[in-house]
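The following report concerns the structure shown here.

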Amino acid sequence: MNSTGVTAVDRDLANCHVCCKLSSTTMHFCPRCGSTLHLRTTNSLQRTLALLITASILYIPANLYPIMVTEHTGGTTVSTIMGGVVVLVQIGSIPIAAVIFIASVVVPMAKITAMFYLVWSVSRRVKEGRRQRTKLYVIAEFIGKWSMIDVFVVAILVALVQLKGLLAFYPGIAAYSFSGVVLVTMVAAESFDPRLMWDQIKNNHHGS
Amino acid sequence: MSELIACHGCDLLVDISDLEDNCRANCPRCGHYLTRFQHDAMNRVLAYTIAAIILLALACSFPFLSFSAGGIESVMTLPGAPGSLILYGMPTLGALVAAFIIIIPVMVILLMVLVSAPLLLGLRAPWLRIAARGLFTLQTWSMVEVFIIAVIVSLVKIASLATVVLGISFWAYAAFSICFTLALATLDRYQCWEMIEALDTAK
């Protein structure tokens, strides 16, 4: 394995995002798989930023509204995401509380923050730590879907426990907003093009 | 002869012509994964895929979890989880969950058969390219491994309220998720498309 020292763009080649074939930048469709070719994801920064803002807004109702409604002999109780974590801590299930806390609170917040930082670093043409930032992007892209745990838990409990009058679970409105957060951040990660961080090496060189 | 691949992380052109069997290549500049070569990759993919199909069929036909409290018993099946959301006023969310844990994984698995079988047999199947495109687009959206963790979390959450037993389906689905993940990890995007192209240009 040897680096050629040049990028695909330097040789006027576009890298197909579906099948990895290199084609001339004059072509519009990949000759191998038929996908649309583009040198870089179109409007990558604007799209990522717009989606990140959407996700941040959705994150508010996702935490304020109940994700699950519990009906028991004493009436009904509603629980938010954080409420669920607190209950788990109280009944002593620290590891499970940690899983939910990490998946539903730490992961989405870390992912949104990391993506905001990446967009900012590209727009400010930050030179340092390109390798680390690429790594950060790969991690952010990977962890996103794990936030769905809480929504799946709601689906499972609603399906499993339906003892009318005794104990029954129903989904709460935050399940919608929270799945929205997960979906939108996943699309945001797909819209971000990490190559933009590296393109600036060439641009800076030409500028100086 | 050189074989060039452009890094998806930083666009660097890397010559991978000397990549040996069972070795993976990462970008020397940004560290991003490039490709991995295994001479028998398609064999493995098809084997994992067939195992996954059998396991998923099992997972859909038996109780997933059963729950009993005060003499009342209820069971949940795998399609029942998204089904309940549809039943209790959240059809969109139900459809989404069904897509993530059943529909997309099933489609990915079927597309894997449609791609790996012709490549193994050297058949120039007309659907090869379209199936491979669908496969690589859909694979990001499957959440089988996330669902497994969610089942374990649910179990602990209600363990204090009642007796919960894991059904045959749970174990089948857990095994399915392992085979499914292995199949996805073995199927390398770059190598797969190189094989498709080689098949089409061969006489």
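How many residues has helix H7 of chain B, and what does the helix reach from its first C-alpha to its last? In this predicted model, local features need pLDDT of at least 70 and side-chain atom pairs pLDDT 80 or more, while totals for chains, interfaces and linings use all residues. Residues are numbered from 1 along each chain as its sequence is written, and chains are lettered from A in the order in which they are written.

Helix H7(B), residues 189–201, has 13 residues and reaches 19 Å, close to the 18 Å expected at 1.5 Å a residue (1.5 Å times one less than the number of residues). Helices are DSSP runs (H or I) of at least four residues, strands (E) of at least two. B:Cys192, B:Trp193, B:Met195 and B:Ile196 of H7(B) are buried (20 or more other C-beta atoms within 10 Å of the residue's own; exposed means 12 or fewer). These residues cover an arc of only 155° around the axis, which puts them on the same side of H7(B). The face turned away carries the exposed B:Ala198 and B:Thr201.

The strands pair as follows (at least two DSSP bridges between them).

| Strands | Sense | Bridges | Opposite residues |
|---|---|---|---|
| E4(A), E7(A) | antiparallel | 5 | A:Thr70, A:Phe169 |
| E1(A), E2(B) | antiparallel | 3 | A:Ser3, B:Val14 |

In chain A, 4 strands form an open antiparallel sheet in the order E5-E4-E7-E6. Strands E5 and E6 stand at its edges, each with a single partner strand, so one side of each is left without a neighbour in the sheet.

Between the chains, 60 residues of chain B are in contact with 56 of chain A (C-beta atoms within 7 Å). Helix H5 of chain B gives the most to the side of chain B that touches chain A, with 10 residues.

Terms used
Arc of directions from axis to C-beta. Contact = placed C-beta atoms within 7 Å.
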